[in-house]
Amino acid sequence: MNTPTPPDAARSGSALGLLFRQTRDAMWARMEKELAAAGHDLNFSQFITLKYLATSSAGVTDLARLAYLNPGAMTRLLDKLEARGLLERRTDPNDRRALNIHLTPAGKAIWSDIEQCGQRVRECALHGMDEATRIQLTRLLEQVRDNLTSSE
């Protein structure tokens, strides 16, 4: 779906936030479509959670922050993934009140497949860009993020 080109005034800096939002939404929608086509009943937040857990364990609060969910919503998301046998909660050996979330062998197996979905979406998003442009785009986006999140 092509978005109509806005008038010149709307393409100014005041529309930058909208462009970021549209890009994020398009990435999320494409990812969910890619996951569904590969036979995985996962939404983008579940994908992000599995992606993070593929390389380390984490607590609910950290995962919620990563997926832009509140802790209650993350708990429900984790309940669903745990019911499917993709992750497990383990007591933190240093703090019995805390839980660490880990992928199960089934979670690791599904990750190897859904990681390919993510790569296809990234390739789609960066289509027509050479490696130098891809690197520059990433650096620029990181700079924008860091500019907006740095404390003054």
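Helix α1 and the nonpolar surface patch

Helix α1 contributes the largest share of the nonpolar patch, 3 residues. In this predicted model, the patch lies on the surface and consists of L16, L19, F20, L137 and L141, with about 390 Å² of accessible area together. At least two of its residues are supplied by each of α1 (16-37) and α6 (131-149). L16, a residue of helix α1, is partly exposed, because its relative accessible area of 41% lies between the limits of 20% for buried and 50% for exposed residues.

The length of α1 agrees with expectation: at 1.5 Å a residue, its 22 residues should span 32 Å, and the end C-alpha atoms are 31 Å apart. M31, E34 and L35 are the buried residues of the helix. Viewed down the axis of α1, the buried residues fall within an arc of 100°, so they line one face of the helix. Exposed residues on the other side of α1 are L18, K33, A36 and A37. The packing partners of the buried residues of α1 are α2 (44-53) and α5 (105-125).

L35, also located in helix α1, has a relative accessible area of 0% and is therefore buried. Leaving aside residues up to four places away in sequence, L35 is in contact with H40, L42, N43, F47, I114 and C117. For one of these contacts, the pair L35 and C117, the C-alpha atoms are separated by 6.2 Å, although the two residues are 82 residues apart along the chain. Just after α1, G39 adopts a positive phi of about 85°.

Conventions. Residues are numbered from 1 along each chain as its sequence is written. This is a predicted model: local features need pLDDT of at least 70, side-chain atom pairs count only at pLDDT 80 or more; totals for chains, interfaces and linings use all residues. Side-chain values use heavy atoms; hydrogens and water are left out. Patches are made of residues with over 30% relative accessible area and no salt bridge: like charges are joined within 9 Å, nonpolar side chains (Val, Leu, Ile, Met, Phe, Trp, Tyr) within 5 Å. Accessible areas come from the Shrake-Rupley method with a 1.4 Å probe; for residues, only the protein chains shown count as cover. A salt bridge is a side-chain nitrogen of Lys or Arg within 4 Å of a carboxyl oxygen of Asp or Glu. Helices (H or I, at least four residues) and strands (E, at least two) are DSSP runs, numbered from the N terminus. Buried means under 20% relative accessible area, exposed over 50%, partly exposed in between (1.4 Å probe, protein chains only). Contact means heavy atoms within 4.5 Å. The expected span of a helix is 1.5 Å times one less than its number of residues. The arc is that of the directions from the helix axis to the C-beta atoms.
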